[in-house]
Structure formats: C-alpha cells, structure tokens
Amino acid sequence: MGGKVTLVGAGPGDPGLLTQKGRKAIEAAEVVVYDRLVSPAILALIPQGAKAIDVGKEAAHHKVPQEQINQILLDEALKGHNVVRLKGGDPFVFGRGGEELELLVEHGVPFEEIPGITSAIAAPAYAGIPVTHRDYCSSVHIITGHQRAGKPLTIDFEALVRTKGTLVFLMGVTAMPAIVEGLLSAGMDGDTPAAMVESGTTPAQRRCDATLRTLPQRAAEMGIHSPAIIIVGKVCALSEKFCWFDQLPLKGQRVLVTRPKDRAGTLSEKLRTLGADVWEYPCIETRAIRPCPSMTVALEHLGDYQWLVFTSPAGVAAFRKELQRMGKDGRYLASVKLAAIGAGTAQALRDMGLMADYIPEVYDAAHLGAGLPADGKVLILRAEIGSPALTEAFKERTIAYDDIPVYKTVYENPRSEELRTALEAGEVPFVTFTSASTVKGLVSSVGADADFSRFTALCIGEQTAAEAKRHGMAVKIARAATIDAVVELARETAAKQ
Ligand code: SAH
C-alpha cells in the first residue's frame, strides 16, 4: 500500500485543544514529523513503534531547513509509510503547511489536512479577549510580524488602521516596537487597548495589558518573550472582565503526577482543567505475572469460591487477560460474587461488562476486609506485595481465602537528577501519590537521601501518607480514596496557600 501524509494542527499548547480527528491520525501514524511548539502531552500520543522526527525550529537558527522537511515528508511517504506532519496551531496559519504540500503534489503523494485551533484565536480566548465583538469591531485580521534580518516590515499599516478591526500579530515579539510605531504613524489612536499573550493556553500563560502607546514599555517590564501574540483593538479592554483562565484555582502551579503511565491520564487531565502545570513522571509500572499458574488453577476451580476480590485496576487487567487466554467470558463468572476496593477498580470491572457486588464505604484494604459480606471462601487477585490489612481482617473473621499475586510493581526508573533538583529547589509545590508504591517509586527515582520537605504530598489514603511521612514529606490526605478527591485536595491546598 502506498504511503500518505496527513498535516495535523496540534493546537496552540493546551493538549485538550487537539481535535478528535487529529488525535486519531496521530494514533494511527507510522512516522510523525513534529515542530517545537507541540506539547509533550500530544507527543505522548505517538504510538510506541512509530518513528518520531523532531524538526523543531528555533527563531534565529533553523534546526532543519524547510526544503529538508519537505524532502523528509516525501521520502517517508514514498517508503509507503503513513506519515503525520504535526504542527503547532493550524498548519495553514503561518505554518508553512502549503509549502510542505507542494512537493507531495508534484510526486502524486496523497495527503490530507486536519485543521488545528490557531493561537491567533485561542491565545486571546484564554486571556479573556474575544477577537470579535459586535459592539467593538466587525473584522479580525491575522498578520505576521516576522521581520527578515535587517529588512523593514512590509505591512500596510494604513490599510490595517482603516479596517477598524481587531489586529492579531503572530511572530511579532521582536518587531513589536516597530509594529506599534507603524500603527501610530498610520494614525491609530495611542489609547487603543492592546495586549500581548505569552505561551497562551498553557499553564505558563502570561497576559500583558496596555494601550497601543504603552505596550512596548509594559511588555519590556514584564519580559514578554516568544511565543507570544500581539492583539490590538477595543476588544482587549474586555480581558480584565473575561480572563477566566488566569483565575483557575491551580493556574500555573506545578503538580507532579507519579502514577504509572497507563493510568496517569484522568488525573493529569483533571488537574490541567484546573490550570495546573502537570508534570507526568511515572514512578512505577505494574506488570501482569505471566504465565500465572496459581491464578489459572484458582479460576479453573472457581466453583470453590463465593467471592472474587480485586484491590486495583491492575489486578482486574491481569485477570481479564487470563480469562481471555482461557477462552472464557463474563458468563463463566455467574456463580461468583465480585468485590472491588473502590471506584477505580469497580470501573475497571464495568469496562469488562461486570458489576461489583460489594464496594466498601471507605476505599481501603481494612474496610474491604472488615465489611465483605462473606460466609464462603474468598479468592483475592492482587499485587505481589499486597496490604496485610485485608488478609488480617479475613483471618480475624475466620473467612477462608486464597491470596494470589497476579501482577507486580516494578520500579525501573533511571535516577532522575532533573527531578531531584526541581524538588529540592522547591519548583514543584505539589506531588500526587495514588498508592504507597508510587511514594517508593519516587524515592527510588531521586534517591532516599534527597530533601523531601519542599513540597506537599497529596496522598490518596492513610497508607500512602504513612509511606510519604517516613521520608519526611509534608502530607495531606484526600477525603476519599478516589482520583476526584485527590484533585479536590489539590484545589483546597492551593487555595489555602
Ligand atoms: N500555525 C501556528 C502559528 C505558527 S507561527 C498557529 O496557528 O498558531 C508561530 C507564532 O505563533 C509564534 O511566534 C507566536 O506568535 C504564535 N504562537 C504560537 N503558539 C502560541 C502560544 N501558545 N501563545 C502565544 N502565541 C503563540
């Protein structure tokens, strides 16, 4: 089959602004050629086996010249690959998307273009500036402020001023004083509201409010740098009232998410929605034990058990695989009752089409052990080193059980000096821990002798907090052992600071 190229707009920075179609294209890619302004969370969607080529450009020195990028796209497509060309914002808005298609057309290589949300509209939106508003303007203009070295700007300022519309300049940080000068000379009122938005839609977003006349000085005071856009027009006056993003409870706060990679998604997303600067650093990985003869034997004798107990989604995942391997489905479980330690585990069962018959009110091993309404034998499928609280409760109640390890937790992190330095320097105010093993994982990543006193450990429950305290961390404990409660804890803790 022949290859093809899909130009995909990655959006302005917030990974949530990638389109659904764009996401699907990335997930199906064999080769991804990407730019500097694409967020790490979007790059994380690139499939494991796919080739990722970084052609990121710096403003002054082009890392990979445009002709070479065009050639890479052509070569990879001619090899028969499904190529995704991933670009910041929208590929056709000052993204040289058109240039990249020329060579493909010449060689008859099929292509598609998936538009992205452009920073020209999204950065103002996140800064509370609607680019049009019936009371203030009837047009919006997107202009490049890129200035070739040593050359004057080639912008028709008179024409722009005449439109009375909102003006949005991209690539204009360096040329900003010249742009302002150009507009003033063309007769624009110096009191016209103006703004700059740096790193729009990301946790690092900063907004500079000014008038046309005061913009150069205000921007210099704030040290506004690229990537930033300049907006000129009456609509800028609305930002004070509409700047919703800057007011999010975790805006700009760095939060470390230590969950295993495959489970980090929802927590990270919820924190990002509150404006947090999420740093995903998976400190542990769970691996199903395969083959797992003791689970096989137990499941072959499922009739011996009254209850099947799960204490984590990873346990459910290992069980699901084994059931599949045995060629069985949900009907095989008709005679046994199912227990889940909490909401996340119950959801993992629901994803298999199974409903938990019992979930303790408090989501932990002790409550599960004390509350399970069992008068027959219990089969526990859980981690290699599970909490003793569960089995102790069963022993006390003289409930018979088999406790079978079906997955193990692996701490295979390379030592991270970057993480250690950031933690010790107080650059990460919050670290989330969703299990005691994630605490152990973090400690193994940065070294037990590190200073753990500079951040607040947001812990999902008592056991996790106990492990965190052992390393001298300041801990806060969520009201319930759920992801939502951890997110709520982050919000409350940030509000108190
Ligand atoms: N195709 C892109 C624009 C590429 S040109 C788009 O549609 O957004 C690069 C310029 O875009 C930068 O110099 C800056 O002016 C602007 N830009 C890109 N991302 C930005 C962001 N997150 N915040 C502010 N400006 C941004």
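Around the ligand stand 17 residues, of which Val93, Thr118, Ser119, Gly200 and Ala228 come nearest; a residue is counted as near when one of its heavy atoms lies within 4 Å of the molecule. By class, this shell holds 10 nonpolar, 6 polar and 1 charged residues, where Ala, Val, Leu, Ile, Met, Phe, Trp, Tyr, Cys and Pro count as nonpolar, Asp, Glu, Lys and Arg as charged, and the others, Gly among them, as polar. The model is a predicted one, in which local features need pLDDT of at least 70 and side-chain atom pairs count only at pLDDT 80 or more, while totals for chains, interfaces and linings use all residues. Residues are numbered from 1 along each chain as its sequence is written, and side-chain values use heavy atoms, with hydrogens and water left out.

A backbone N or O atom of Asp90 lies 2.8 Å from a ligand oxygen atom, and a backbone N or O atom of Val93 is placed 2.7 Å from a ligand nitrogen atom. From Ser119, an N or O atom of the side chain is 2.7 Å from an oxygen atom of the ligand. The protein buries 91% of the 550 Å² that the ligand exposes when taken alone, with accessible areas computed by the Shrake-Rupley method with a 1.4 Å probe.

Several loops carry particular backbone geometry. Helices (H or I, at least four residues) and strands (E, at least two) are DSSP runs, numbered from the N terminus. Arg96, in the loop between strand S4 (82-87) and helix H4 (97-106), has a positive phi near 60° although it is not glycine. Ser226 and Pro227 are joined by a cis peptide bond with omega of about -5°, and Pro227 lies in the loop between helix H8 (215-222) and strand S10 (228-232). Another cis peptide bond, with omega of about -5°, joins Arg290 and Pro291; Pro291 belongs to the loop between strand S13 (285-288) and H11.

Helix packing can be followed next. Helix H10 (residues 265-273) and helix H19 (residues 483-496) pack at about 30°, their axes 10 Å apart; axes are lines fitted to C-alpha atoms over the stretch in contact, and angles run from 0 to 180 degrees between N-to-C directions. Leu267, Lys270 and Leu271 of H10 meet Ile483, Asp484, Val486, Val487 and Ala490 of H19, contact meaning heavy atoms within 4.5 Å. This contact comprises 6 nonpolar, no polar and 2 charged residues.

Notes:
A polar contact is a pair of N or O atoms within 3.5 Å; within protein, one must be able to donate a hydrogen and the other to accept it, and residues adjacent in sequence count only if both atoms are side-chain atoms.
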